[in-house]
Amino acid sequence: MNPNRIEEAIHRVRAGERQAFTTLITAYERQIYTYCYCILRSREEAEDAVQDIFVKVYQQLERYEKRVSFSAWLYKVAYHHCLDQLRRLKRRNRLLSLYKLQLVGHRPELTEESPVDRMFGDLTSEERGLLILRVVEQYSFEEIALITGSSSAALRKKYERLRKKLIQQKANEGGGCTHGEVAESN
C-alpha cells in the first residue's frame, strides 16, 4: 500500500474520522494475521490477537511518530502483544497439562503435520518472528531491531544461526539442502 495513503489515513483518524481506520486494517490485517499465526501457532489465537492489536493501535495511534514506518510500528505492537500472549498461554497450558495428568493418564495423540508446521514447531517464538519479519516481510535488520528492541548486530547473528539450524534440520530429514535453498542474509 502507498505510504502516503497510510499517512493520510492516520492523519484522518487522529482528526476524529474513525472510519478512516478501516484503510489501515484493510492494508495490514492479512500480514499481521500471518505474523501472529506463525508466532502463536493457532488460528483462533492469531485471530483474537489481530483484533486486540488493532484495538491497541487505534487507542495508541497518537503515540505513532513518523520517524519509523507505520508498518514497523504496527509490527512492534504485534510483536509485544504476541509475546504477552505466549506467556499467558504457557502458564495456562502448564496448568491444564497438570490438571489432565491428575485426572487421567495423558496419552499424546499422533497427528500428521505439514513440513512447514514441523519446521516452525522446532523454532522458538523469537526465531519464528525473526524469520517472518526478515524473509516474508523483508524488513532490514535495522527495522527489525526497532520492532523487537534488539540490536541489529545481534539480530544478524541470530538470523545466521537460524539459517544454519534450518539447513541442518533439512539435512537431518534426509532431503539435503544447499545454501541456495535458504535465503542468504544481507
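Me: Which residues form the negative surface patch here?
Reply: E44, E47, D48 and D52 do. A patch takes residues with over 30% relative accessible area and no salt bridge, joining like charges within 9 Å and nonpolar side chains (Val, Leu, Ile, Met, Phe, Trp, Tyr) within 5 Å. Asp and Glu count as negative, Lys and Arg as positive, while His and the chain ends are not counted.

Me: Before we go on, what kind of model is this?
Reply: It's a predicted model: local features need pLDDT of at least 70, side-chain atom pairs count only at pLDDT 80 or more, and totals for chains, interfaces and linings use all residues. Residues are numbered from 1 along each chain as its sequence is written, and side-chain values use heavy atoms, with hydrogens and water left out.

Me: OK, back to D52. Where is it found?
Reply: D52 is in helix α3, residues 43-59. Helices are DSSP runs of H or I with at least four residues, strands are runs of E with at least two, and both are numbered from the N terminus.

Me: And why does D52 count as partly exposed?
Reply: Because its relative accessibility is 36%. Buried means under 20% relative accessible area, exposed means over 50%, and partly exposed is in between (1.4 Å probe, protein chains only).

Me: How many helices and strands does the protein chain have?
Reply: Eight helices and zero strands. Along the sequence the pattern reads α-α-α-α-α-α-α-α.

Me: How much of the chain is buried?
Reply: Buried residues make up 36% of the 186 residues in the protein chain.

Me: Switching to rings: how many aromatic pairs are there?
Reply: The structure holds 10 aromatic pairs. One of them is Y35 with Y75, which is edge-to-face because the ring centres are 5.1 Å apart and the planes are at 85°. Rings of Phe, Tyr and Trp (its six-membered ring) pair if their centres lie within 6.5 Å; planes under 30 degrees apart count as stacked, over 60 as edge-to-face and the rest as tilted.

Me: Which helices hold Y35 and Y75?
Reply: Y35 sits in helix α2 (residues 21-40) and Y75 in helix α4 (residues 70-103). They are 40 residues apart, so the pair links distant parts of the chain. Y35 and Y75 are both buried.

Me: What about Y64 and W73, what sort of pair do they form?
Reply: A tilted one, with 5.6 Å centre to centre and 55° between the planes. Y64 counts as buried at 4% relative accessibility, and W73 is buried too, at 12%.

Me: Which aromatic cluster do those two belong to?
Reply: One formed by Y28, Y64, F70 and W73.

Me: Now charges. How many salt bridges turn up?
Reply: A search of the whole structure finds eight. The cut-off is a side-chain nitrogen of Lys or Arg within 4 Å of a carboxyl oxygen of Asp or Glu.

Me: Which residue does K165 bridge to?
Reply: K165 pairs with E127, and their closest N and O atoms are 2.8 Å apart. K165 is in helix α8 (residues 152-172) and E127 in helix α6 (residues 125-136), 38 residues apart, so this pair links distant parts of the chain.

Me: What does E160 meet in a salt bridge?
Reply: R163, at 2.8 Å from N to O. E160 and R163 are three residues apart in helix α8, so about one helical turn separates them. E160 is partly exposed at 23%, while R163 is buried at 6%.

Me: And R67?
Reply: The side chain of R67 meets that of E65 in a salt bridge, 2.8 Å from N to O. R67 is exposed, with a relative accessible area of 68%, and E65 is partly exposed at 44%.

Me: Which residues are linked in a network of salt bridges?
Reply: E8, R12 and E17.

Me: Last topic, backbone. What is the phi of R41?
Reply: R41 has a positive phi of about 60°, although R41 is not a glycine. It lies in the loop between α2 and α3 and is partly exposed, with a relative accessible area of 30%.

Me: And where does Q138 lie?
Reply: In the loop between α6 and α7 (141-148). Q138 has a positive phi near 60° and is a residue other than glycine. Q138 is exposed, with a relative accessible area of 63%.

How values were computed:
Accessible areas come from the Shrake-Rupley method with a 1.4 Å probe; for residues, only the protein chains shown count as cover. The place of a charge is taken as NZ of Lys, CZ of Arg, CG of Asp or CD of Glu.
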